[in-house]
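Here is a friendly tour of one protein model, meant to be read with the structure open beside you. Take it topic by topic, and find each residue as you go.

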Amino acid sequence: MVQAVAPDRTRSSASVAERPPVLRATGLRKRYGNHDAVRGVSFTVHAGEVYGFLGPNGSGKSTTIAMILGLVEPTEGTIDLFGLGPERRGEALSRVGAIIERPTFYPYLSGFDNLSVLAALRGGIPSRRIHEVLELVGLSEAGKKPFGKYSLGMKQRLGIAWTLIHDPELIILDEPTNGLDPAGMMEVRHLILRLSEAGKTIFLSSHLLNEVEQVCDRVAILRRGEVVLEGSVAELTARGQQTLVRVDDPLRATDILRNLPVVQHVEERDGALIVRATDGERAALTAALVQAGVAVEEVRPVGNTLEEAFLEITGELGSEVRRG
Ligand SMILES: Nc1ncnc2c1ncn2[C@@H]1O[C@H](COP(=O)(O)OP(=O)(O)OP(=O)(O)O)[C@@H](O)[C@H]1O
């Protein structure tokens, strides 16, 4: 069982930017026939961060990852890994661990034996290291059970264990929770946080906003092969956030809130008030209403830039699908 880890996504982007870059993509483009799968993508991943590459299906995530791993040649642009130039690409890639497809294992062999088979093929991996990676992914005990008896989350964790075998500094995970049940998704999220705490740099692609918000320090949102929003998750979720206020007397509350200097906008939506105010002034809203004798039933944050941007992109694509 993977130990629960309290997410700490409070690292500021300023401190992250001071760390050395591990992965830098500059102007990446990939053209297939007359279609650009990736159109001028640039981003930098710094040592020790969990970087989310978020986008709907077909937005170019896998193609970008394939270019990072040298599996697909970019039409334009460059990839820099660990500051080593293209002539040292092999050395740079030996410091990367990646899982791009659900790995296949023998169902009747245990997790340990499956990894042993792969280790024998690769050579030079002592069984001590297999025990270590099984422990890292929380499969020490389950390592003795047949793979076929594993839950979906355990199967994926065994795949991740194999990517850790050579102790990579950068771990690239392409949609690691795709097809998992909610329990499996949670196990993988916890594992990502644990690997981050162990000092690994993680590049994670996903089409799930919620997943990226929970584990990533920074995120890039991809839309039709282009990065449309990039920043720290903390900044992007705080920016543009509004407050939902539910009270017994919305009309009176609207008057009171509109007269507060910290309030920029108030509107009624489904019987509640949606308030845009200066950051960190949520307590002042409640205090003013309570002081005026309005009964406050609920005050909570709603919406954020990250969510809005992602919903806009997925909503827009959804309507295209409907039109198509
Ligand atoms: N080998 C290829 N030949 C032609 N077109 C391709 C090829 N690989 C990807 N594409 C196209 O490039 C675009 C981006 O695909 P990509 O797989 O990178 O997106 P994605 O965001 O990873 O989505 P998914 O999660 O569905 O894989 C899509 O329109 C896809 O059809």
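Predicted model: local features only at pLDDT ≥ 70, side-chain atom pairs only at ≥ 80, totals over all residues.

D167 sits in the loop that joins helix 6 to strand 6 (170–174). Its phi is near 55°, which is a positive value in a residue other than glycine.

**Backbone angles to look for**

- Most residues other than glycine have a negative phi.
- Which other aspartate shows a positive phi although it is not a glycine? D270 does, with a phi of about 50°.
- D270 lies in a loop too, the one between strand 11 (263–269) and strand 12 (272–277).
- D270 counts as exposed because it has 7 C-beta neighbours inside 10 Å.

**The whole chain**

- The protein chain has twelve helices and 13 strands.
- Its C-alpha trace spans about 75 × 50 × 45 Å along the principal axes.
- Of the 324 residues in the protein chain, 36% are buried.
- Among contacts with a separation of 6 or more, 71% join residues 24 or more positions apart.
- The domain assignment gives domain 1 (13–230) and domain 2 (242–302).
- Between the C-alpha centres of domain 1 and domain 2 there are 43 Å.

**Around the ligand**

- Which residues surround the ligand? They are Y32, A37, G55, N57, G58, S59, G60, K61, S62 and T63.
- Sorted by class, this shell holds two nonpolar, seven polar and one charged residues.
- Helix 2 (residues 61–68) gives the largest share of the shell, three residues.
- Helix 2 is mostly covered, with seven of its eight residues buried.
- The buried residues of helix 2 are K61, S62, T63, T64, I65, M67 and I68.

- Helix 4 (residues 111–122) has twelve residues. From its first C-alpha to its last it reaches 17 Å, close to the 16 Å expected at 1.5 Å a residue.
- G111, F112, N114 and L115 are buried in helix 4.
- Seen down the axis of helix 4, these buried residues fall within an arc of 160°, so they line one face of the helix.
- Turned away from that buried side is a face with the exposed residues V117, A120 and L121.
- What covers the buried residues of helix 4? The cover includes helix 5 (127–136) and helix 6 (152–163).

**Helix 5, a packing partner**

- In helix 5, the buried residues are I130, V133 and L134.
- Viewed down the axis of helix 5, they fall within an arc of 105°, so they line one face of the helix.
- These buried residues of helix 5 pack against helix 4 and helix 6.

- R252 has its place in helix 10 (residues 250–258).
- R252 counts as partly exposed because it has 14 C-beta neighbours inside 10 Å.
- How many residues separate R252 and A292 along the chain? They are 40 residues apart, and their C-alpha atoms are separated by 9.3 Å.
- T305 is found in helix 12 (residues 305–323).
- T305 is partly exposed, because 16 other C-beta atoms lie within 10 Å.
- T305 and V233 are 72 residues apart along the chain, with 9.7 Å between their C-alpha atoms.

Technical notes
Residues numbered from 1 in each chain as written. Helix = DSSP H or I, 4+ residues; strand = E, 2+ residues; numbered from the N terminus. Expected span 1.5 Å × (residues − 1). Buried ≥ 20, exposed ≤ 12 C-beta atoms within 10 Å, placed from the backbone. Arc of directions from axis to C-beta. Contact = placed C-beta atoms within 7 Å. Domains from an automatic or database assignment. Near = placed C-beta within 6 Å. Nonpolar A, V, L, I, M, F, W, Y, C, P; charged D, E, K, R; others polar.
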